[in-house]
Amino acid sequence: MTDLSNYRNIGIFAHVDAGKTTTTERILSLTGKIHKIGEVHDGEATTDFMDQERERGITIQSAATSCFWNDHRLNIIDTPGHVDFTVEVYRSLKVLDGGVGVFCGSGGVEPQSETNWRYANDSEVARIILVNKLDRMGADFYRVVDQIKNVLGANPMVMTLPIGIEDDFSGVVDLLTRKAWVWDDSSDPLNYKIEDVPADMVDKVEEYREALVEMALDQDDDAMEKYLDGEEPDLDTLNACIRKGTIALDFFPTYCGSAFKNKGIQLILNAVIDYLPSPTEVKPQPEVDEEGNETGEFAVVDAKKPLRALAFKIMDDRFGALTFVRIYSGVLAKGTSVLNTFTGKTERIGRIVEMHADSREELDSASAGDIVAVVGMKNVQTGHTLCDPKFPATLEPMVFPDPVISMAVSPKDKAASEKLGIALGKMITEDPSFRVETDEDSGETILKGMGELHLDIKIDILKRTHGVEVESGKPQVAYREAITKQIEDSYTHKKQSGGSGQFGKIEYVLEPAETGTGYEFESKVTGGNVPREFWPAIDKGFRNSMDVGVLAGFPCVDVKVTLMDGAFHAVDSSAVAFEIAAKAAYRQTIPKAGPQLMEPIMKVDVFTPEDHVGDVIGDLNRRRGMIKSQDATTTGVRINGEVPLSEMFGYIGDLRTMTSGRGQFTMEFDHYSACPRNVAEEVIAEVKVRNAAK
């Protein structure tokens, strides 16, 4: 039986370019060397694995890799840095027990760091912090620690202090042991010495150590009392307190180093083992019913309980479709059948593989706490629960945002046309935030995603990974339609021409609903004027009609329909008659209800050098942007604002031109807002021209 206390399921997450990939690579090569001494692995594939990640900028080799450190097994899950792929970070955090947040020593807390940190807070994931790249120009460990406090509202517990900075960065002081770890310039992580604290740092080390001890002992009243009486706590007591506080999210042990120069990584690995929780020390996953409401039952991490596993990533590679699963309870065994509670179908488990840094290991079974990949599952998608067919249960599912941007693509030739469908099918299962539709009128293939970069990457993957050459159109914004007035109306559907006819009369109120509700239906019919069995048909008629708005054919959202009264015929009324009545009622009433076009508004975070601030703000204002805040940093200014997505196409090129190539920005969907009339008229006219051309 596996000892789960020696397991750590961790993720490494960061802003783009904070050094996540390099940190992961150094961890893998460092643990690979330890592993090689014991088991004579060649270790070469560790770097192959990361080369592919560097080439694409997103991980393609595996979603989880395993390595060993001090007799502990680390399952490391990758998370991308770019905002268009936050769905990857979100789903990885769902299955993690702990994480390492990497911050750039010169860039500090950047926009994506905040988003990732918020996701980690929502998922209640314990974290340690690495302030990386302290060898870079402008690096300042103490400034980044202040930003973690002020920008993230987190409580960093400083565990190490840097020796030197920028070009002079040579090592770190471990505050707990009061020892200096000093590396030479060979970039070999094993070439270090443990020495006494440099004389010029003794006072600072004592100051920070005292703050560390007091923060840690808040977790243990007895130890705190002894400390106040002058008794110094031993290392075991301090480590136990730090572990307790880290798991409770009271503070976050904070380290410093340079992954690129191989300095400080051993202390991070030791901290992962000493302070981050094992699978049995985190809150168990809640189980939900068919409507998604919690049942009060939990998937307790225990191999003896019935099987509960969550599929969190699908990936296609040369071995076939890989489904990565986190097992919460029970045992997943080769040759057994499992129930997918989303589809209601059972699937047979064929091959189970464990991802190592340098190999795949075939397994006969895996148990609670494990993260493994299952080869060749047919109908499993991200967020599906796999469970024991005799004891069905559903784990809390993952919720993915709707795409806000679309683009038409067409294959360049017949050969590409045949490959396109297969390639897109694989890409949809891999990425739940990527959707594909076919335009019924034109036959065009429409790709939908979270941003311009998201779709650019998808087209790049089509060309380079799947060998499909496509021509792409201009990106299109996913507008919505909504109503502004409450209208009371009635509609009678009557078709009687001898024999059994159709009859259904409905009286109803259409009104704007709360933002984000989509569509609501309620019946206030009393008596039997519209029998209860016809209510679902009326609901279905209205619901299906909402897919096409009356202004430009975009989906209509945030509408509440209340059925007030009506009439039926004993012979001629049927569910179909009432459904047709509801569809016609929608077409009759929506134009009277003040329909308006809604556009996606993006939360935009722009970084610019100080001398270009005026240009950048002026440009955002021209794009109908609303500036929310601007904050000076040591290297420039961060501008936060809200801008309509339709105005942001090609922004990166304009920003680079304005800032001599030094500006950066990230954006993510925030909310839908009413379009100004002139913009709405342009969009509606454009849609009419497009439809006429079809």
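The model is predicted, so local features are limited to pLDDT of at least 70 and side-chain atom pairs to pLDDT 80 or more, while totals for chains, interfaces and linings use all residues. Residues are numbered from 1 along each chain as its sequence is written, and side-chain values use heavy atoms, leaving out hydrogens and water.

Next, show strand E33 and strand E34 (residues 559-567). They run parallel and are joined by five bridges. Strands (E, at least two residues) and helices (H or I, at least four residues) are DSSP runs, numbered from the N terminus.

Contact means heavy atoms within 4.5 Å. Angles run from 0 to 180 degrees between N-to-C directions, and axes are lines fitted to C-alpha atoms, for helices over the stretch in contact.

Keep helix H12 (residues 535-545) and helix H13 (residues 575-589) in view. Their axes come within 7 Å and cross at roughly 35°. The crossing is right-handed, a term for a near helix turned clockwise from the far one by less than a right angle, with anticlockwise giving left-handed. Residues to pick out include Ile538 and Phe542 in H12, and Phe578 and Tyr586 in H13. The contact residues divide into eight nonpolar, three polar and three charged. Ala, Val, Leu, Ile, Met, Phe, Trp, Tyr, Cys and Pro count as nonpolar, Asp, Glu, Lys and Arg as charged, and the others, Gly among them, as polar.

Last stop: select helix H10 (residues 414-430) and helix H11 (residues 452-464). The axes of H10 and H11 come within 11 Å and cross at roughly 130°. H10 and H11 are therefore oblique to each other; angles under 35 degrees count as roughly parallel, over 145 as roughly antiparallel, 65 to 115 as roughly perpendicular and the rest as oblique. Leu420, Ala423, Leu424 and Met427 of H10 make the contact with Lys458, Ile461 and Leu462 of H11.

Technical notes:
Two strands pair if DSSP finds at least two bridges between them.
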